[in-house]
Amino acid sequence: MGKTITARIDELRERLRYHSYRYYVLVEPEISDADFDTMQRELVSLEEAHPELITPDSPTQRVGAPPSELFGSVTHRQRLFSLDNAESTEDLEAWEARLERLLGRRPAGYAAELKIDGLAVSLTYEAGVLVQGATRGDGVTGEDITQNMRAVASIPLRLIGDPPALMEVRGEVYMALDVFDDLNRKQAESGDRPFINARNAAVGAVRQKDPSITADRKVSIWVYQLGHMEGGPDLASHSQTIEYLRSLGLRTNPELTVTSDLAGVVKYVESIEKRRNGFDYQTDGVVIKVDSLADQSELGFTSKAPRWAIAYKFAPEEQITRLNGIEINIGRTGRATPFAVLEPVFVGGANVGMATLHNEDEVHRKDVRIGDQVVVRRAGDVIPEVVGPVTSVRTGEEVEWRMPTDCPFCGNPIVRPDGEKDARCSGGLECPQRVREWLFHFAARGAMDIEGMGYKTVDLLLSNGLIKGPADIFFLEPDQLLEFEGWGEISVNNLMAGIQEARDRPIARLLVGLGVRHVGGTVARLLAKTFRSIDSLTEATEGQIAEVEGVGPIIAASVVEWANDEANRDLIERLRLGGVRLEDPEPDGIDTSQLAGVTLVITGSLESIGRDAAKVAVEDRGGKVTSSVSKKTTAVVAGAAPGSKLGKAQDLGVPVVDEAKFLQLLERGPEVLQ
């Protein structure tokens with residue numbers, strides 16, 4: 001036993017201490033959270049099997065990390081514990097079984113809330129005045145960050161209402177994702193290394209000697225727990241406590257829910273996991289707590305964690321793996337995009353072997369080199385990307401990358417026009433890869449939305465010479481497809497039905513599919529609303545196009561340049577021959593100024609009208625639909641499964657309407673909001 005088990009335990013302890021130091025103190029992790037958790041679980045398992053080998057200084061016997069010497073130390077009034085983890089419904093059921101065994105019954109209810117990926121802190125108020133802020137540290141002793149906490153705008157310096165004589169609360173300091181993106185942009189402009197993720201940026205912002213830097217970094221807080229209170233009301237539940245903290249002016253997360261049983265918890269977890277990328281901050285799981293404070297008191301704590309709470313952790317969205325190579329892809333506009341060839345790794349719920357690197361400048365800004373250990377991020381359905389290298393483990397054998405001089409698909413030169421960030425293949429539509437990407441884009445959901453016309457079908461049709469460009473799609477015959485293996489009458493009829501439906505798409509969708517440079521969905525809708533036909537648009541002058549609100553001279557020049565190209569005019573004529581609609585009907589009985597001055601944000605799905613159609617309906621009536629909520633937003637339309645925009649609307653006091661009220665708004669105008 002002995003030596004093999006003992007040696008492995010010693011190795012795990014040493015590695016966990018080292019990586020804790022890099023994570024908490026240096027804020028420069030070398031491994032992913034998932035890898036750290038895996039080592040921690042192995043050590044816990046070994047120590048449970050061999051309790052005689054447990055030592056007081058084992059990483060399993062402490063919480064968090066030792067406080068840094070950068071700040072003075074603070075001894076917490078009550079210890080800040082970490083949480084045990086669950087990774088499956090079975091883990092939650094096992095946890096509930098333990099609770100039932102200890103209580104002699106099932107808990108009466110649970111409170112479930114988001115697990116925020118930030119820095120745990122405690123705040124102490126005396127007579128309602130903030131007197132101390134501290135990091136969690138090792139749970140017993142933390143760092144004194146009072147001045148930095150005073151610089152965080154969302155932390156009240158004085159509570160409102162009737163605060164208790166003494167109160168200590170716990171919260172998570174985090175950085176909103178838009179703030180994080182802006183910070184990294186500034187880091188790039190100043191030549192500084194970007195932050196790996198928003199959590200590291202938040203930790204770095206809090207652990208500054210100069211509070212003005214903390215203020216400038218614009219971190220925020222969610223308060224999630226009452227730690228200690230002297231005076232104040234008698235509170236019966238965690239959810240009631242959160243309501244009380246909110247009434248005092250503390251910022252609490254609106255996503256908290258209370259459920260009577262574990263089935264409700266599981267349903268909530270599944271809902272949040274689907275929506276986790278819709279929040280404007282990072283969340284890596286759900287914290288579930290026994291709601292009754294009396295039950296919490298009876299259940300108590302282990303040496304490491306409260307028995308009455310557990311953290312359900314989602315699949316990691318970041319992992320570390322080896323960058324084996326960098327290659328390029330050519331898009332529909334000729335843009336040359338580098339991508340990473342990775343040692344395959346499981347991240348964000350999928351095996352990832354490739355990840356985007358955006359463009360040449362990004363590769364060099366991030367200093368990513370072939371052979372590096374790199375952080376890979378995959379958030380839900382978002383394309384995996386390389387966040388940055390782990391520079392502390394470089395060997396010196398890593399190789400810097402440069403954009404190739406020639407296109408690997410057609411052999412034509414790759415050029416980078418002055419003043420542009422993107423390099424492009426100069427081969428035009430001679431480049432087979434560019435044609436392939438254009439056809440896929442043309443048939444995609446945001447454009448002509450041709451069901452069944454994915455990459456596999458596009459490749460089949462191209463390789464057999466059945467299509468050479470988008471218009472050819474509308475001249476396909478069923479008999480041409482039936483001869484191919486795997487194509488029966490059902491699949492052929494489905495594709496032909498999709499093509500027939502695409503013939504009658506609004507011209508804004510056709511404009512997107514045509515791939516005119518600088519013309520995305522929003523600009524396409526503006527142009528379609530003004531000119532109402534492809535012919536009118538292609539005959540318009542630059543000045544006429546530039547007069548359209550939201551367009552401007554650069555887009556106008558691009559549209560005219562596209563329209564003057566003989567090949568594009570031939571494409572339009574061939575689309576016309578293929579039966580594709582090139583003109584939108586005039587709005588029937590719609591008051592085009594009915595929603596003038598109205599700005600809406602739509603979140604969640606709408607059952608009776610799709611979000612695209614809803615946006616068009618608002619714009620046809622003179623209103624605007626934007627993607628973010630602000631004080632200038634007239635109302636937020638909340639459909640099924642709304643995202644974080646709903647919470648932001650509630651925070652800002654912006655009116656929220658359901659789908660039924662939205663349909664009334666389209667029919668009767670702004671009066672329904674009164």
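Ala-127 is exposed, with a relative accessible area of 55% (buried means under 20% relative accessible area, exposed over 50%, and partly exposed in between, with a 1.4 Å probe and protein chains only). This residue is found in the loop between strand 4 and strand 5. Helices (H or I, at least four residues) and strands (E, at least two) are DSSP runs, numbered from the N terminus.

The model is predicted: local features need pLDDT of at least 70, side-chain atom pairs count only at pLDDT 80 or more, and totals for chains, interfaces and linings use all residues. Residues are numbered from 1 along each chain as its sequence is written, and side-chain values use heavy atoms, with hydrogens and water left out.

## The hairpin and positive phi values

Strand 4 (residues 119-126) pairs with strand 5 (residues 129-135) in the antiparallel sense, over six bridges; two strands pair if DSSP finds at least two bridges between them. Within this pairing, Ser-122 stands opposite Ala-134 of strand 5. The hairpin has two residues between its strands, and Ala-127 takes a positive phi near 50° there. Most residues other than glycine have a negative phi. His-518, which is not a glycine, also has a positive phi, of about 75°. The place of His-518 is in the loop between helix 16 and helix 17 (521-531).

An open sheet of five strands has mixed pairing and the order 2-11-10-3-9. Its edge strands, each pairing on one side only, are strand 2 (85-86) and strand 9 (257-259). Strand 3 is joined to strand 10 (residues 283-290) by seven bridges in the antiparallel sense, and the bridge partner of Leu-114 in strand 10 is Val-286.

Helix 9 (residues 262-275) lies across strand 3, strand 9, strand 10 and strand 11 (309-313), and runs at about 25° to strand 3. For such angles, axes are lines fitted to C-alpha atoms, for helices over the stretch in contact, and angles run from 0 to 180 degrees between N-to-C directions.

Ala-112 belongs to strand 3 (residues 110-116). Which residues does Ala-112 contact, leaving aside its neighbours within four places in sequence? They are Glu-255, Leu-256, Thr-257, Tyr-268, Val-286, Val-287 and Ile-288, where contact means heavy atoms within 4.5 Å. Ala-112 and Val-551 are 439 residues apart in sequence, and their C-alpha atoms are 46 Å apart in space.

Arg-275 lies in helix 9. Not counting residues up to four places away in sequence, Arg-275 touches Glu-255, Ala-641, Pro-642 and Gly-643.

Tyr-224 is part of strand 8 (residues 220-230). Leaving aside neighbours within four places in sequence, its contacts include Glu-113, Arg-170, His-238 and Lys-289. Tyr-224 and Asn-253 are 29 residues apart along the chain, with a C-alpha separation of 7.5 Å.

| Residue | Relative accessible area | Class |
|---|---|---|
| Ala-112 | 0% | buried |
| Arg-275 | 16% | buried |
| Tyr-224 | 27% | partly exposed |
| His-518 | 42% | partly exposed |

Another open sheet has four strands in the order 20-19-21-22, with parallel pairing. Strand 20 (624-626) and strand 22 (656-657) are the edge strands, each pairing on one side only. Four bridges join strand 19 (residues 599-603) to strand 21 (residues 635-638), and these two run parallel. Thr-603 has Ala-638 as its bridge partner in strand 21. Helix 23 (residues 644-652) packs on the sheet, where it touches strand 19, strand 21 and strand 22; the direction of helix 23 makes about 135° with that of strand 19.

## The cavity

How many cavities of 30 Å³ or more does the structure hold? There is one. On a 1 Å grid over the protein atoms alone, a cavity is a set of points where a 1.4 Å probe fits but cannot get out, and lining residues have an atom within 4 Å of a point. Grid points are joined across faces, edges and corners, and a volume is the space filled by probe spheres set on the points.

The largest cavity has a volume of about 60 Å³. Among the residues that line it are Leu-511, Val-519, Leu-537, Thr-538, Trp-562 and Ile-572. Helix 16 (507-514), helix 18 (534-539) and helix 20 (553-563) each supply at least two residues of this lining. By class, the lining has eleven nonpolar residues, one polar residue and no charged residues. Ala, Val, Leu, Ile, Met, Phe, Trp, Tyr, Cys and Pro count as nonpolar, Asp, Glu, Lys and Arg as charged, and the others, Gly among them, as polar.

Terms used
1 Å grid on protein atoms, 1.4 Å probe; cavity = no way out; pocket = protein on both sides within 12 Å on 5 of 7 lines; lining within 4 Å.
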